[in-house]
Every structure is written in C-alpha cells, then in structure tokens.
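This report goes through some local features of one protein model. Please look at the sequence and the structure before reading on.

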Amino acid sequence: MLEPNASGVYVIAATPFHDDGAIDTASIDRMVDFYLGCGVTGITVLGMMGEAPKLTHAESLAITRQVVQRAGLPVVVGVSAPGFAAMAALTKDVMDAGAGGVMIAPPSTAKTDDQIVSYYANAVEAIGSDVPFAIQDYPLSTGVVMSPGVIRRIIEQNPSCALLKHEDWPGLEKITTLRGFMREGLRHVSILCGNGGVFLTHEVERGADGANTGYAYPEMLVEVVKRIKAGDRAGAHDLFDRHLPLLRYEQQPGLGLAVRKYILKRRGAIASDAQRKPAIKLSKETVADVEFLISRLEARGVL
C-alpha cells in the first residue's frame, strides 16, 4: 500500500507500444525489470508521461495488473478523469488488481482555494475513503495553483491522503512551508517530487522524501536521494550535475516523452520508442543532440 512514509524513487513508468500503437506487453515486463534493477522503491503507472488519456479503461486495468504482478513493489495508478464516475470505476478496478493507491490531479476548472479543496473531498467520496491517494500538484500542466495552505486543508480533511506529488516550479519554498506545518502538528505525508528531477537535490534538502518522476536514468535519482540522506551533499550534487544536461533536454515540454522513450529503447528497457497517436517524432537533429549528451554522460560514468 501507498504509505505516508513513502520514500526513495517512485518512478513514473512509460507505457510501451508497438510501432502500430498496440500495447507491448513483453516490454512492460522488460521495463519493470529495468526499473527494479535501478533500485526504485515504487512505480507509478498511467501518469501524464504514461499516455494515460490514450488508453481505454480495459487497457489501463491490464497494464496495472501486469505491473503489479511483476514489480512486487507499491504501484500507484493515475486515475485523473474529467468526471468522478470514470475515476471511481478505474480506482475500484486497479485497487482490486493490487494497486497500492491512486494519484489525482485537480481539473483546470478548479480556480479558487475552496473549489480545489472541495474537488478533493468529492474525489475521496467517489473513490472511497479507504483508498490511499496522492495529490498531484503540477500547475505548469493543470493550470491549478495550490498554495501550501490549500494542501494543508486537503491533508487535514482527508485522512486517506498519503502523498504529495510536488512539481510546482518554483516550489522549494512550498516544501519548506509544508514541512514547517508538519513540525507544528499537521499529519505527516510523504513528499515526492516530479519535474523530471530538475530540482531534486535541493528538494530533498528542503525535506522531500524522494522523487516521483521518470528520467531515463532512474538509478541516478535513486543514488542522489541516498547520498543526500546519508549526508553526502557534495557527492549528490556532483552526480546530479553530471546528468543535468541530458535531464534538462529530456524535460522539454512536448518533446520530453519522445526523448525519454528513445533513451529507454536505447538502454534496452523497451523494444520501441513509439507513442500512441497523436505523437511527436524526433528529428534526426534532435536524435543527434541526444546521442551527443548520452556519449558525454557515459564517458564520465552514469554513477
């Protein structure tokens, strides 16, 4: 189950497809084994980088079931949907399949603090108060800005909230403020950070418990978190800095998933870098950029 003390790296999994757009079930197993070999502590499927809107309900359930059976680790499932009926139906099915919890992003229509808080109360009512859930705080994508005070209200009012997926940008002060609330008595929840890991070193130093993102070298994310928690600040930043040029390139809005899948294919984690349409295809110039960055990284050592 997703617990409020979750830590380490809950990797955001890609969804492998064949070139014709069909789900590549063999690559799902390969990908999970790859993530396990990198030392992740959990896996999130059907996130924004998992092409969830392109999947049917049946496909989403089948992918979840396969990952749960293969991983043996907590699996969190993105269930954000335009309506609560679809969210509730998917949540019930994935939890019955063994998922550890679900992740919910607010809709772009939630503009005021009260609307955001009410939305999560309604979502919990729909999915059941016994289902652990993660707040996905990603205003760069959703357009919904959640202040620390709003997040505090959601945590206070919903005991099933176990995790904040923090990917506000800039957001370091938000982490500091939330951890301050928790020292003052707010119930503890895990904070795992997204944004491709671009600010991971500083986020963990501010009190985050780890990462919830999908950079194509997840072993770096795992090692950086370990080093910071062990007090090796310089070593963590040195390793992170080695990866930063490629990580930054992979984080480009709109292009990032194509780059990530290209690298995962290159590393043998998936058979094809295909996305289900609509999709972005990398130009030969972009591929050359990525190959250059990989060559520089690997020449210095991945870890």
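## A loop with positive phi values

Leu46 sits in the loop between strand S2 (42–45) and H2; helices (H or I, at least four residues) and strands (E, at least two) are DSSP runs, numbered from the N terminus. Its phi is near 60°, a positive value in a residue other than glycine. Leu46 has 4% relative accessibility and counts as buried, where buried means under 20% relative accessible area, exposed over 50% and partly exposed in between (1.4 Å probe, protein chains only).

Glu51 lies in the loop between S2 and H2. Phi of Glu51 is also positive, near 60°, and this residue is buried, with a relative accessible area of 3%. Most residues other than glycine have a negative phi, and most peptide bonds are trans.

## About the model

This is a predicted model, in which local features need pLDDT of at least 70 and side-chain atom pairs count only at pLDDT 80 or more, while totals for chains, interfaces and linings use all residues. Residues are numbered from 1 along each chain as its sequence is written, and side-chain values use heavy atoms, with hydrogens and water left out.

## Cis peptide bonds

The peptide bond from Trp169 to Pro170 is cis, with omega near 5°. Pro170 is in the loop between strand S6 (161–166) and helix H7 (172–183).

Lys277 and Pro278 are also joined by a cis peptide bond, with omega about 0°. Pro278 is in the loop between helix H11 (256–266) and H12.

## Helix H3

The buried residues of H3 are Met87, Leu90, Thr91, Val94 and Met95. Seen down the helix axis, they fall within an arc of 125° and so line one face of H3; the arc is that of the directions from the helix axis to the C-beta atoms. An α-helix has 3.6 residues a turn, so residues three or four places apart point the same way.

The face of H3 turned away from the buried side carries the exposed residues Ala85, Lys92 and Asp96. Just after H3, Gly98 has a positive phi of about 110°.

## Cysteines

How many disulfides does a search of the whole structure find? The search finds zero, a disulfide being a pair of cysteine sulfur atoms within 2.5 Å. For Cys38, the nearest cysteine sulfur is that of Cys193, 19 Å away. Cys38 is buried, at 11% relative accessibility.

The sulfur of Cys161 is 14 Å from the closest cysteine sulfur, in Cys193, which is too far for a bond. Cys161 is buried, with a relative accessible area of 1%.
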